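Please look over the sequence and the model before reading on.

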Amino acid sequence: MIGWPGKERAPRMASMHDAVIVGGGHNGLVCGTYLARAGLRTLVLERRPLLGGACVTEELWPGYRLSTGSYVMTLMQPKVILDLDLLGHGLTVIPTPPTFAPMDDGGSIVFWGDEDRFCAELARYSPRDAAAYPEYRRNLERLAPFIRRIIWETPPDVASRRPRDLLRTARFLLRYHQFADRFYELYDVLTMSAFDYLRKWFESDAVITALGYYVPGGGTNASMRMPGTAFSCIRPLVRDNTTAAGPSGLVRGGMGALTGAIAAAGRAEGLEIRTGAEVARIECERGAATGVRLTNGEFIPARTVVANADAKSTFLRLMDSAILPEGFVRDVRAIRTNSSIFKVHLAVSELPRYSAFSPAERGFDYPVGVRIGPSVDYLEEAFDDYRKGRFSRHPFLTVYAPSVLDPTLAPPGHHVLSIMGGHAPYRLADRDWNEARGDLLEATIATIERHAPGVRSSILHSEVLTPADLEARFGLPEGHVHHGDLTIDQQFIRRPVGGFADYRTPVANLYLCGSSAHPGGGVTGVPGHNAAREILKDRRR
């Protein structure tokens, strides 16, 4: 197991910090770095012996290193990268070849960045859809500026009648009045099912599958036909890949190297970091947070406590919920966190050879990223299995082979595969995961083998992480990679719950900075950035 060890452990004395952050995931470190830069004496506490939360690199077997949680950098915001000079602190991003999607008919779709080439891919399935794609893309690009701006907002409390909140709501509406002509299109993206939204534009099942894959493949516990999932169509456009921060891609050294760069930036600003320091309780007096107590009994006093843990853990486990408003506790309990995502990690002696991929025909050597989910019905059946309390017999899979581009991740001639799949329930209906884990691995290998015969014989080592394992290892509630579904009823003014979307909580001096807060999950750095801004704003009052 590897990571970036914390700063020298602080003396075990009750010295006051300006801010203590619970959880050393990437958002906690981003928040801590901004606070330290502003002059606050800030301490980040991480329960595991390595930093990063679900953004880590671990050596699962000697010489084989994998990004065991998040596995590719697609949404990390350029503003955070540039603000914290992460490139100067060791972050190196490797652009990837186009994603490859084999289909059941023996054909395939390559997701070229060049629009004309991608349209040629779609034309194999529907000339009409190929002709419609540019207009579809222009429509999303018209909406993208709204999404790219609103992620940096502190959501107003639109139900509050306090003059200050009314003014904030009015100012918000004025700022976004320029998007009024796009209101109905934005409404469709936020409320429609991905299937119905895509059906407005396209006729081919293959094209709809390719463009709607991000619903399950992005980690939301949903079917493509469920209302509110059309947002997945625009979510990949949240990041602007044309800035000085560079494009998205694989992080050299694995995703833990991104965490390492943030930690290095933080330490340069005076941020203190401790690993192996598990918080047992957030201490409060007279309705205000006063510090944290570790599992070893140590009390760390702080003027401000910032929780990078998920909302349910923060309010229902780490503190006495009796001090919280009854309605708030009820709403927190009701946050939908049930996950259906699992991960499989493989060490292999040779790469899978996909029958539908030809280097000569496609013009690049190997598909580092592969999506297996060849039809709408296939994806729906996988979700139906989950709803019946069993894991999918034919799961969808996103398969990455990062060692193709980063040889430091595996011994010479060998490779690692990082696979995210679905669907699998947090709890099985008829048996325990300890009994079923091997069967889930078999279903995963069999699914790959249908498109890459012979892969089984190359497997040297394997690890399966069920939703329950993701919760245990990374602290993800019920294994949910986003701390809760990314649907309209759990977004913006409703994240984590209505009335408390501004990173503040019912407890004075206690804030949220993780994926439970706006704008939600994914490795973006935005919740950490926004929470730090609000904390500093309150300190200036």
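Y136 and F202 are both buried, where buried means under 20% relative accessible area, exposed over 50% and partly exposed in between, with a 1.4 Å probe and protein chains only. The model is predicted, with local features needing pLDDT of at least 70 and side-chain atom pairs counting only at pLDDT 80 or more, while totals for chains, interfaces and linings use all residues. Residues are numbered from 1 along each chain as its sequence is written, and side-chain values use heavy atoms, with hydrogens and water left out.

**Aromatic rings**

Rings of Phe, Tyr and Trp (its six-membered ring) pair if their centres lie within 6.5 Å, planes under 30 degrees apart counting as stacked, over 60 as edge-to-face and the rest as tilted. By this rule there are 25 aromatic pairs. One of them joins Y136 and F202 edge-to-face, at 5.0 Å centre to centre and 70° between the planes. This pair links distant parts of the chain, since Y136 belongs to helix α4 (residues 127–150) and F202 to the loop between α7 (194–199) and α8 (205–212), 66 residues apart; helices (H or I, at least four residues) are DSSP runs numbered from the N terminus. Ring pairs also gather F111, F118, Y133, Y136, Y197, W201 and F202 into a cluster.

Two charged side chains sit over rings, which requires NZ of Lys or CZ of Arg within 6 Å of the ring centre and within 35 degrees of the ring normal.

| Charged residue | Ring | Distance to ring centre |
|---|---|---|
| K79 | W152 | 5.8 Å |
| R117 | W112 | 3.6 Å |

**Nonpolar cores**

A nonpolar core is a set of buried Ala, Val, Leu, Ile, Met, Phe, Trp, Tyr and Cys residues joined through side-chain atoms within 4.5 Å. The largest has 159 residues, of which M76, L86, Y136, F202 and L258 touch the most other members. Helix α4 gives the most to this core, with 10 residues. Beyond its neighbours within four places in sequence, L86 is in contact (heavy atoms within 4.5 Å) with residues including M76, V80, L258 and A265. Another core, of seven residues, lies apart from the largest one and has L66, A347, A410 and V416 among them.

**A buried histidine**

H451 is found in helix α16 (residues 433–451). This histidine, H451, is buried, with a relative accessible area of 9%.

How values were computed: Helix = DSSP H or I, 4+ residues; strand = E, 2+ residues; numbered from the N terminus.
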